[in-house]
Each structure stands twice: as structure tokens, then as C-alpha cells.
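Colleague: I am new to this structure. Could you walk me through how to read it?
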Amino acid sequence: MKKLKKVLTGSLLISLLVIATASTWLYSKIDGALPVLNGEKTVFGLKKSAIIERDKQGIVTIKAQNRSDIAVALGFVHAQERFFQMDLLRRNSAGELASLFGIRALDYDKSIRKHRFRERARAIAAQLPHKELELIKAYTRGVNQGLKYLNSSPFEYLLLQQEPVQWSEEDTILTVFSMYIDLQYHDGRRERTLGLMEAVLSGDVYAFLDPKGSIWDAAIDGSQFTQAPMPTDAWPSASSINIDNKNRNNTKLANLNKDKYQGDHLPGSNSLAISGALSTTGSAVIANDMHLGLRIPNTWFRASFEYPATMPDRSITAKDLIKVTGATLPGTPNIVIGSNGNIAWGFTNSYGDYSDVILLTTNPDNSQYLTPSGYQNFTTHKQIIAVKGQKAQEITVTETIWGPVIGKNHQGKLLAYRWVAHDKEAINLVATELEQAQNVSQAFNIAARSGIPSQNMLIADKHGDIGWTIIGPIPNKNGMIGETPKSWASGENSWQGYLSPAQYPKIINPENHRLWTANSRVIGGDMYKKLGNGGYALGARSKQVRNNLFALKEFDEQSLLNIGLDDEAIFLQRWQQFILDDVLTKNVVAKDKSFKQIKKLLESAPKLRASVESVSYRLVRNFRINIRDSVFLELNKSLNKIDEAFNFKSIRHQIEVPLWQLINEQPENFMMLGESSWQDLFIKALEVTIADMTVNQTLDTATWGQQNSSVIKHPLSSALPFLNHWLDMPSKALAGDSYMPRVQGKSFGASERMIVSPGYEKNGIFHMPTSQSGHPWSPYYGMGHSDWENGIASSFLPGKTLYKLTLLSY
């Protein structure tokens, strides 16, 4: 017995020793992945020394004697704080995620490989002007030195049981390609969706479902586009879509879809600019919040640069010091948005038409396609996709002179894709010049030469001037190219290069001293024709922003922040009234007493807001979604059966216009209603809404905040749920939604909020979710997140230096 006791005791001690050793090793590995914050490090590639200062939130100030060394130091910092994020961005656009995550990422990789972005990135890097290429090379050296100076690989690689791959110049280009994928359609889904609708629906029905304008239009130039009238004949026509009238009255709401109440979010943003005539200082003011998916770490990394000016301008001397502050994108070497003391600038996604789906004419065996110079052979490219834990897979990418083949339409005809992202003009580093621009006019010129996913750009300068333009390439289109696939075989339809800087649309110093953009149509007339429509937002948010701007006579930073945090539900007020007047009629309430509570609830909420405690907002919002899904359910299903490429989500914003007209006019000629009457449809939508809200609770506890609680997660925490508490931001009920200035969903919203007046940066405001760090043991992990959640004004400029690292050259 004593012998057994000794054996067990020994085994236990050995087990404890093994566990302790493993724990110590694991701890050392995770701790070793923390960035170097203080001291000195010798870094290859520096021309002189560079200083990296951090405040208590980890916000970085980089000081150097030249722009190249700024790039080295920024690359060093990005790698130490955010290398895994950078790795995901390059792999995302290269179609190489399966090598990290295995078979689950294979289908996505296949879809992206059609664009051959890694090959295109190499080609773009090779033809960059010397100055831009040297900047990327300097940044790349900094990244790889920063990775080297970590005592162990970033902790994500430990969990994935892999080693990080060093950064290369082409990877910076791939990072920008990832933003193209986020901000523009990489698969032509919207154009293919509209193309199917145009092909199978009658002309008046298609025009009705694809409205050009609405009451929500809020263009800067005041232009208005009209919506099409209601179709008069029975629609959709039975000749184009097979309608089963027998089952017509049995259609049910799509209430089994767990994501049906997700917000109508588009990668976008708000941006507002006020001229010096209305500011408290005489300098113009800009506010910008860029709406993106929210994750850990955040998309952006806050930084400030200080270096001698080099821009060839008589107003700048070599002794002048550039001080520029804002947000950087890990993987790239420049300030993306910010202020340099002379100008401040911000972006919103423009949703112009920067791609076209081309209908190919082929020979009988699809081996050739027709071009203006006759039939040509397709070209093919082999792509090898590495898959973690499995054998690599090979696919073949088929291409035309215009771009890759992306599939077939509902008639089996091949489709090719022409996209700005495929051209060398797509990406360059010209936007780095904004760091030294002195005024709106200089910024306009830089914007028109820049290679980024094309954005609405607002600029404010210290002289009080404001301006709007497009930053990024704009294709010069010929022929009848629009929103649906067309043949380019005759040569009548084509792209003839890109617009020159002189041809770019722009507005400077409007008489009302106000500019605003929020992803809807910005201008009309000839400027609109240059941009086209790539899927503009409805305009409700733009209109609310515009009205808020005109409600004030004088502005400072806090007043613009208040506009950005406005959660009043102006868009849904008419829906609230519709429920009260047209759904909860006296007869309906008399037949079902449970509706009395609903009526009383809505009548007691005269000013509907997406506040966390509001039950009324959640009810009205979800009712609208149920109505929309019910009205268009059969049409959606029918079109999807004809062509799986049909994507209702890509047109959901424009659908509001015909939807409102339908429920108010309640036409009898709409053949896909799905219920025996419009009133039955309304009642059922309300019943489903209430039923979903009251699962395991009473209606008065079913608040908007309960539904709209944040879910901001690290990419690995879903696969490793035991790490959730360690990696993810705590869930919090959040105000805001889709169709209002305060855009907020569970994991979507303002990826930053910036309000700044050039020359008065000390008064500026900057919010950012999550934090600077990608490492959960960092001393500033999660710092600043609560200011973002609660809308508390926090400083635009970095605070007092708490950490200082000096990088020395060899």
C-alpha cells in the first residue's frame, strides 16, 4: 500500500511539474509577443534614428528626420501591435486564408482567386514611381524588423500552430486590395441581380423596383430624381415568372431566418464639413465616422507623424515640420484620414459605378468569345490553393481581355467582370501627399491622382475653405454602360482609360457653407454621369445629417459630434404612424385586445429614437423588416430559383421606395402578395414581430438595447470559445441603427469618429472602438473603447508620453 501511495504521489508530482512547465512555456510565449515599449533597438533600413512615443492608450507619435524613416518606424509598430491583422488582410485579398484556417475558408479563397490579386500586386509594386516604391520598401523593412524583435510570434500563431510569414512589398498592395473587396462588389452581385430583374420583369415593373430617386434624396447640389409609377397591369407577369396562385395564400413570413432582423448596414460612413464662416474659430471643421465591420483589433491604428516637409511648394521650406495626426491602416505606410494643421480630410464610400459585368458572345463550345477585333481564345491561369491539414487544391481562372469570367447568367451565357481593381491605376501611394497639403485645391489635385478604392472626400482647411471630390480612380466609360450586364463585343461599350484630374467632379465653398456625404447620391447632372450608380444608400441618413446641419448657425467640435450621435428615428416615424393609422384600426383593436397595448405603446412614443431603452423603436423597426420580407418573399424566391446569383441584400436599400408605395396604395394587381389581403399581411407581420420580441419575456422588457447589444470579437474567439472573456470586448447595449447618423449594429458601426479643425487640433475629438493593441495582455488593451461606446468626447491628439522607444540605424 505504501508503495502504491509513493507511485501515485510521484505521478501526481510529475504531472504537476509537466503542467507547471507547460504553463510557464505558454505564458512566456504569450508574454513574449508583447511589443517593445521602451528602450533602444537597432533597426536595419533607417537613414537616421526614429523615436516612437506612446501615451497611456498606446496612441503613437513617431518622430524622424525624413519620411522614409517614418515609414520604417510605422512598419515596426504595426508589426509589433497588429501583425496578425495585417496577415489576414493580405491573405484575404490573395485568396490564401485556407492555409491558416483550413477547408472552411476554401470556397472563399476560390471566389477571390478569380481576381489573381497577388499577381496584380506584384505588377503594381513593380511599376510604382521610385519615390513610392522606396516608401513601401522602407515600411516593409520596418515590419520585418518589428516582427523580429518580438520575443515570440504573435499569440494567434501559437493557437493556430503556425509561424508568421515575413512581409513583402506586394503585401502592402494586397492590404489595399482587401479594402477594395470590403468597399466594392468583387463578384458583380448587384449588377447581376438587376440584370436578372431587367431580363425577366416587364419594363414598368423593373423601373418601379429600381427607382432612380425618392423623397429621401439629399444631394449636395439639391438635385432630385423621380421614382417610377406603380405598374398598372398585373405583375410580375406570368410569362416571365411562374406564379403558383394555388399556394398564394399560404405563404408564410421568413421567420425562421435567425438573421432577419440584422441591420441594413453598408460599408459606408458619415462625413460633414463646415466652412470657417460658421465655425467658432474661422478655420473650417470636419467630422468623419467610417462605418465598417467591428472586430478585434479595430481596422484603424491611431498615429501622429512629425518630420521635415519635403513637398515642392513655395509656401513650404525644408525647415518646416510636418505634424500630421489621424488613423493609419496596418499594412500601409500613410495616414488615411486626419489633419496636418493646414487641412483635415475624411472619407465615405462613394458607391459610384466602378465595375461592369460583361455579357459574352461565345462560339458553340464556349472556347472563344467575340471582341471588337473578332473571336479570341480565352486565357487561363492555374492557381494553387494551400489548405491547412489537407492536400493543396488547383483551380483554373479563365480570363478575357476585359477581365475574369465570373459565371453564367440565367440563360447560361458567360459573364466577364471589368473592375477598377484589376488595373494598375487601382493602387498607388499618391495619397501620402495629403500629409503635406496646404489647402483644399492642393488636396483636390492629390485626390484625383490617388489609387485607393474611390471615396467621397471632404476637405476642410485652416483658411476656412471646404470642398468635396472623389479620391481614387474613375473609369471613363463609353456607350450604353449602366447598372446591368451588357455586351462589349461590338466596341460601342468600353472603358477609355480614366478621368484626368481636370475632369474630376468637385464642389468647393458652397453658398450655404455646409457639405455632407453619407453614401447616398451626392450630386446630379454631368458630375453624376461621370460616377454612375454602384448601389447608393437610400439617403435617409444623408437627409437627417443635412437637416441637422441646417438647424445650427454656428459650429464647434462638440456640436458636430452631437450630430454624429443622433439616434432619432426620422426614417421610421412614418412607419410608426402607418401602424397606428392603417394596421391598428378600431376594428382590429376591437377584435384582438392584445393590440391595445401595442397602440398605447406607440402613441406614447411621439419622438421615436433608437435608444437602448426603447421598446417602440424595436417594434416599428422589426415590423418594417417583416413587412418587407413578406411583400417580396415570393419574388425573391422566384428570382433566386431562376438564377442563384440573385442577391436581394444588394438591392435592399432601393426596395424601400416601392415598398412604401405598395403598402399605402395596396394594389390588387400585385400577384405575389402571399396573403389573402393586404390587411391580413399587415396583421400577420405585426403578430410575428410581437411573437419574436416576447420569447421568454414580456413586451415591456423587449428593448432595442437588448436586441442591439454589441458582439465585437477577435477572429479566433469563435473557434476557441474558452478565450471569449480574454479576447472579446464585453457586450453592451448600444443606441443607434442603420437609417440615422448614429449607425450602430451588433458588430458594425463607426470604426472611428473624428472631429477636427485644422490648426485647432487640441480641440479635436477622436473615438475608436476596441483599442490600439491586438494583444490582450497589453497595458492599453481595450482603452478608449468605453468613450466610443458612450459617445464621450476624447482627445484627437495623443496624450502625455508614457512609453518611449528609440530606433537606431546601423
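Modeller: Gladly. Helix 15 and helix 17 are oblique to each other. Keep in mind throughout that this is a predicted model.

Colleague: How do I read such a pair of helices?

Modeller: Two packed helices are described by the angle between their axes and the distance between the axes. Take helix 15 (residues 570-583) and helix 17 (residues 594-603): the axes come within 10 Å and cross at roughly 140°. Angles over 145 degrees would count as roughly antiparallel, so this pair is oblique. The crossing is left-handed.

Colleague: Which residues of helix 15 and helix 17 make the contact?

Modeller: Helix 15 brings Q576, I579 and L580, and helix 17 brings K599, L602 and E603. By class, that contact has three nonpolar, one polar and two charged residues.

Colleague: At what angle do helix 2 and helix 6 cross?

Modeller: Roughly 50°, for helix 2 (residues 67-94) and helix 6 (residues 130-148), with axes that come within 6 Å. This pair is therefore oblique too. Its crossing is right-handed. Helix 2 contributes residues including A71, G75, A79 and F83, and among those of helix 6 are L135, A138, G142 and G146. The contact of helix 2 with helix 6 has 12 nonpolar, seven polar and one charged residues.

Colleague: And is the crossing of helix 5 and helix 8 left-handed or right-handed?

Modeller: Right-handed. The axes of helix 5 (residues 117-127) and helix 8 (residues 169-183) come within 8 Å and cross at roughly 125°. That makes the two helices oblique. The classes are eight nonpolar, no polar and five charged.

Colleague: Now the strands. What order do they take in the open sheet?

Modeller: Strands of a sheet pair through backbone hydrogen bonds, either parallel or antiparallel. Here 11 strands form an open sheet in the order 1-26-2-3-6-7-8-9-17-18-21, and the pairing is mixed. Strand 1 (39-42) and strand 21 (506-508) stand at the edges. Each has a single partner strand, so one side of each is left without a neighbour in the sheet. On average, neighbouring strands are turned by 25° against each other, direction ignored.

Colleague: In which sense do strand 3 and strand 6 pair?

Modeller: In the parallel sense. Strand 3 (residues 60-64) and strand 6 (residues 301-308) are joined over four bridges.

Colleague: Which strands does helix 11 lie across?

Modeller: Helix 11 (residues 440-449) lies across strand 9, strand 17, strand 18 and strand 21. The helix runs at about 10° to strand 18.

Colleague: How many residues of helix 20 are buried?

Modeller: Eight of the 10 in helix 20 (residues 656-665), which is mostly covered. They include V657, L659, W660 and I663. The buried residues pack against helix 10, helix 15, helix 18 and helix 21. After helix 20 comes Q666, with a positive phi near 50°.

Colleague: Last one. Where does G759 lie?

Modeller: In the loop between strand 24 (753-756) and strand 25 (765-767). Its relative accessibility is 43%, so G759 counts as partly exposed. Sequence distance and spatial distance need separate checks. G759 and N340 are 419 residues apart in sequence, yet 8.0 Å apart in space, C-alpha to C-alpha.

Notes
Residues numbered from 1 in each chain as written. Predicted model: local features only at pLDDT ≥ 70, side-chain atom pairs only at ≥ 80, totals over all residues. Heavy atoms only, no water. Axes fitted to C-alpha atoms, helices over the stretch in contact; angles between N-to-C directions. Parallel < 35°, antiparallel > 145°, perpendicular 65-115°, else oblique. Left-handed = near helix turned anticlockwise from the far one by under 90°. Contact = heavy atoms within 4.5 Å. Nonpolar A, V, L, I, M, F, W, Y, C, P; charged D, E, K, R; others polar. Pairing = 2+ DSSP bridges. Buried < 20%, exposed > 50% of the residue type's maximum accessible area, 1.4 Å probe, protein only.
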